[in-house]
Amino acid sequence: FDQRDGFIWLDGAFVPWKEAKVHVLTHALHYGSAVFEGERAYGGEIFKLTEHSERLVESARILGFKVPYTVAEIDAACNATLARNGLVDGYIRPIAWRGSEMMGVSAQKNTIHLAVAAWEWPSYFSPAERLKGIRLQWAKYRRPDPATAPSRSKAAGLYMICTISKHEAEDNGYADALMLDWRGQVAEATGANVFFVKDGVIHTPKADCFLDGITRRTVIDLARARGYELIERAIMPEELSTFSECWLTGTAAEVTPVSEVGEFRFTPGAITKTLMDDYSAAVRPAAVQKRAANA
Ligand code: PMP
């Protein structure tokens, strides 16, 4: 991925994609002191950009460092990176990390860096294809107790068990893994939140030990705007036998229907489809929606 054309915003200036490098003694590489965001642009506009920039700053604060740019400056860097790479629809990846001045657990004097990359990331599947749903395997590792890890931070270090779980799932022919939390309750997938439907009511785990996704909150608002009843609560894995629909939400995943979780089966239905459509409409800027309507 490092050998591409294009430009990456690095500490305030654009550098050619292939030259956006860090030193091997970077603290973040050794001790996981990095925080990042994943954003999508639709029709040239980054969806909920400021919320993402605010979460980046907050993720860093939780890890004890300050991103050396304001939220407005981070917003501007993301927009500039999208434009500099000639992208209209794309994925944006800001990342902030501790640099290489000190080597050791303590890194009080290390420079904090910020980079922003952007690339094309289309939705590969048609809605009809997506409605078949993806298959998930149960993950071996669990989401840690918030007393054990800074679970509200989108910290690179928290993704170690996500990569292990995702690789195991892929090796077994599944698309992704669903993780429990330390209590044994259903938590989230390796890069997305999860929702279920029972008797027309939507159920989703309370986000008390994993990322409360921006897409999750958007979809909760869309569901309530539709008049659906939605309950955030503790969900035990054996309850999955009582649910009829299941989907994942995330910036990259958007609303992705799920057909299987381990031994349990789901049929993407009317509520999944409605929220997929409502999410697609919500992410498109008003100008693009107007152009489409007039076309
Ligand atoms: N959980 C994890 C572990 C994630 O990586 C993501 C993607 N950022 C999410 C949930 C969903 O978050 P969002 O909707 O803000 O993209």
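Two strands are taken to pair if DSSP finds at least two bridges between them. Helices (H or I, at least four residues) and strands (E, at least two) are DSSP runs, numbered from the N terminus. The structure is a predicted model, in which local features need pLDDT of at least 70 and side-chain atom pairs count only at pLDDT 80 or more, whereas totals for chains, interfaces and linings use all residues. Residues are numbered from 1 along each chain as its sequence is written.

The chain has eight helices and 16 strands. Its C-alpha atoms fill a box of roughly 55 × 50 × 35 Å, taken along the principal axes. The radius of gyration is taken over C-alpha atoms, and the globule rule is 2.2 Å times the number of residues to the power 0.38. For 295 residues a compact globule would have a radius of gyration near 19 Å, and the value of 20 Å for the chain therefore agrees with the rule. A residue is buried if 20 or more other C-beta atoms lie within 10 Å of its own, exposed if 12 or fewer, and partly exposed in between, with C-beta atoms placed from the backbone. Of the 295 residues, 37% count as buried. Two residues are in contact if their C-beta atoms, placed from the backbone, lie within 7 Å. Among contacts between residues at least 6 apart in sequence, 69% join residues at least 24 apart.

Strand β6 (residues 90–98) has several pairing partners. It pairs with β3 (residues 34–36) in the antiparallel sense over three bridges, and here Phe36 stands opposite Ile95 of β6. Strand β4 (residues 39–42) is likewise antiparallel to β6, with three bridges, and Arg40 stands opposite Tyr91 of β6. Strand β7 (residues 112–119) runs antiparallel to β6 and is joined to it by eight bridges; in this pairing Pro94 stands opposite Val116 of β7.

A nonpolar core is a set of buried Ala, Val, Leu, Ile, Met, Phe, Trp, Tyr and Cys residues joined through C-beta atoms within 7 Å. The largest such core has 35 residues, and those with the most contacts inside it are Leu136, Ala177, Leu178, Ala189, Val194, Cys246 and Val258. At least two residues of this core come from each of β8 (134–138), β9 (176–180), β10 (186–189), β11 (193–198), α6 (214–225), β14 (245–250), β15 (254–261) and α7 (270–283). Leaving aside neighbours within four places in sequence, the contacts of Leu136 include Ala169, Tyr174, Ala177, Leu178, Ala189, Val258 and Val261. A second, separate core of 28 residues includes Phe47, Leu49, Ala77 and Ala117.

Strand β11 is mostly covered, five of its six residues being buried. It pairs with β14 in the antiparallel sense over five bridges, and the bridge partner of Val197 in β14 is Glu245. Three bridges also join β11 to the antiparallel strand β12 (residues 201–205), where Phe196 stands opposite His203. The hairpin of β11 and β12 has two residues between the strands, and in it Asp199 takes a positive phi near 50°.

Most residues other than glycine have a negative phi. Asp11, in the loop between β1 (7–10) and β2 (13–16), has a phi near 50°. This residue counts as partly exposed because 15 C-beta neighbours lie inside 10 Å. Glu254 lies in strand β15 and has a phi near 55°; it is buried, with 21 other C-beta atoms within 10 Å. In contrast, Ser241 is found in the loop between β13 (230–233) and β14, and is exposed because 9 other C-beta atoms lie within 10 Å. The C-alpha atoms of Ser241 and Ala96, 145 residues apart along the chain, are separated by 41 Å.

A residue is near a molecule if its C-beta atom, placed from the backbone, lies within 6 Å of it. The ligand is surrounded by 15 residues, of which the closest are Gly213, Ile214, Thr215, Gly250 and Thr251. Helix α6 and strand β14 each supply at least two residues of this shell, and α6 gives the most, with three residues. By class, Ala, Val, Leu, Ile, Met, Phe, Trp, Tyr, Cys and Pro count as nonpolar, Asp, Glu, Lys and Arg as charged, and the others, Gly among them, as polar. The shell has five nonpolar, eight polar and two charged residues.
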